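Please look over the sequence and the structure shown here before reading on. The notes that go with them are grouped by topic.

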Amino acid sequence: MTTYYSEEHEWVTVEGDIATVGITQHAADQLGEIVFVEQKEAGDDFEKGDEIGVIESVKAASEIYAPLDGEVVEANEALADTPGALNESPEGDAWIYKIKLADKGQLEELMDLDGYKALIG
């Protein structure tokens, strides 16, 4: 399974027309201890670049931006009770959304791992 990365420090994996979206380990490390996650609900439509949630840490609040056009099919409800999971497993169990892709062609606008590593230096 290919993983794509956005300049907003999100990762995306795709299975069929469903993409799983989360934040990168780098983003989790920069945020520090995460205490709250605000998420959209299933059925919400959005376009690439739209704000689709907020992650609050003891240091700051950071918006989650849609890396692709789509519709939320599932929000990871476990994050409401255990937002700190984003610190422990941001690129694993602590995914944020599963979204139905509107345009798979947009994946080409995202980076691969090497591109992302170059971005974060």
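Predicted model: local features only at pLDDT ≥ 70, side-chain atom pairs only at ≥ 80, totals over all residues.

**E10 in strand β2**

- E10 belongs to strand β2, which covers residues 10-15, and this residue is buried yet takes part in no salt bridge.
- The nearest side chain of opposite charge is that of K48, which is 9.4 Å away from E10, whereas a salt bridge would need the charged atoms to be within 4 Å.
- A polar atom in the side chain of E10 does, however, lie 3.0 Å from the backbone nitrogen of Y65.
- When neighbours within four places in sequence are left aside, E10 is in contact with Y4, Y5, G22, I23, T24, I64, Y65 and P67.

**E51 in strand β6**

- E51 is found in strand β6, made up of residues 51-57, and is partly exposed, because its relative accessible area of 40% falls between the limits of 20% for buried and 50% for exposed.
- With neighbours within four places in sequence again set aside, the residues in contact with E51 are K40, E63, I64 and Y65.
- E51 and P67 are 16 residues apart along the chain, and their C-alpha atoms are separated by 9.8 Å.

**The two ends of helix α4**

- At the start of helix α4, which spans residues 113-120, a side-chain oxygen of D112 reaches to within 3.3 Å of the backbone nitrogen of D114.
- After helix α4 comes G121, a residue whose phi is positive, near 70°.

Conventions: Residues numbered from 1 in each chain as written. Heavy atoms only, no water. Helix = DSSP H or I, 4+ residues; strand = E, 2+ residues; numbered from the N terminus. Buried < 20%, exposed > 50% of the residue type's maximum accessible area, 1.4 Å probe, protein only. Contact = heavy atoms within 4.5 Å. Lys, Arg positive; Asp, Glu negative; His and termini not counted. Polar contact = N/O pair within 3.5 Å; in protein donor to acceptor, adjacent residues only side chain to side chain.
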